[in-house]
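Trainee: I am new to this structure. Could you take one part and walk me through it closely?

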Amino acid sequence: MDEAQTRLIVMLTHHDRTVENAPEVFEACRGTGAEYWGMKEEGLPPERMRALYRRMQECGKKTALEVVAYTEAEGLLLRPGEVFSFWHTVGKVTRRKGYREGRVIVRNHLTADIGGGLCNLSHALHVLVLHSPLTVTEFHSHSDALAPDEGPRVPFSAGTSVCYNYVDFRFRNDTDQTVQLMAWCEEEELYVQLRSERPFPWAYEIVEEDHHFQKEGADYYRVSKIYRRVTERATGRLVRKDLILDNHSQVMFDPALIPPELLRP
């Protein structure tokens, strides 16, 4: 979790439903300078919701659709065109809700705060989404070098930053089918799962190139380029290779623990 400035989200809702005249309200107010606009998944037909979302995008606005139709047993359902927001789903982090202190990053320094460690959940969701055809619409990163690697290097094993309620992680369902998002814990292990109505025809892999550490002034950095490879399941043909992170992460652990063979001058 990182520190950032507070931003206002204009919600076109009433009693947990998008108001029927939301498009008209947006057109009347879009010139006010408000950058962030939000809606609920209920209240407008899907085609009108998608049209309003596209209009907001055309006007350069950032949008959030708060999904409310789900239970713990059935997971979260994300229909075509809908957007998942981490903070709209998790809500405010408080002691009353059972959250405890955990590790957070403030101005590149590790400290403790309520809800610390929720970036582990947001990052697990991010990695899950990167292995699917869903589209990441908002992503913020923190250091990918919080601790020494335990065992073989796992590309993009950390680094998705969230901070209530303005540094968000969001993704959109641009497919033609409803997907189901599941998350649960067993003992001390976190599990996330994405289910679809039909198998998708693509496979996804996260790969890292030119991974090393380097010293810059008095600090050390982990440097690499991390890509997502998309292939056809049936043939193995490479469809595309997307750069998802040009990694330049400040080392937050004792530099003496950096493997010498990975340290470049």
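Mentor: Start with the buried residues of H2: Met49, Leu52, Tyr53 and Met56. They lie on the same side of H2, because they cover an arc of only 100° around the axis. An α-helix has 3.6 residues a turn, so residues three or four places apart point the same way. Keep in mind that this is a predicted model.

Now the helix as a whole. H2 runs over residues 46-58, which makes 13 residues. From its first C-alpha to its last it reaches 18 Å. That is close to the 18 Å expected at 1.5 Å a residue. What follows H2? Just after the helix, glycine 60 takes a positive phi of about 80°.

Positive phi also turns up in residues other than glycine. Phenylalanine 156 has one, at about 60°. Look for phenylalanine 156 in the loop between strand S11 (135-138) and strand S12 (170-172). Phenylalanine 156 is buried, with a relative accessible area of 3%. Aspartate 210 is another case, with phi near 55°. Aspartate 210 sits in strand S15, residues 202-216. At 47% relative accessibility, aspartate 210 is partly exposed.

One more buried residue deserves a stop. Arginine 228 is in strand S16, residues 219-232. Arginine 228 is buried but has no salt bridge. The nearest side chain of opposite charge belongs to aspartate 242, 4.0 Å away. A polar atom of the arginine 228 side chain does lie 3.0 Å from the backbone oxygen of leucine 130. Residues touched by arginine 228 include Val129, Tyr204, Arg240 and Ile244.

Note on methods
Residues are numbered from 1 along each chain as its sequence is written. This is a predicted model: local features need pLDDT of at least 70, side-chain atom pairs count only at pLDDT 80 or more; totals for chains, interfaces and linings use all residues. Side-chain values use heavy atoms; hydrogens and water are left out. Helices (H or I, at least four residues) and strands (E, at least two) are DSSP runs, numbered from the N terminus. The expected span of a helix is 1.5 Å times one less than its number of residues. Buried means under 20% relative accessible area, exposed over 50%, partly exposed in between (1.4 Å probe, protein chains only). The arc is that of the directions from the helix axis to the C-beta atoms. Lys and Arg count as positive and Asp and Glu as negative; His and the chain ends are not counted. A polar contact is a pair of N or O atoms within 3.5 Å; within protein, one must be able to donate a hydrogen and the other to accept it, and residues adjacent in sequence count only if both atoms are side-chain atoms. Contact means heavy atoms within 4.5 Å.
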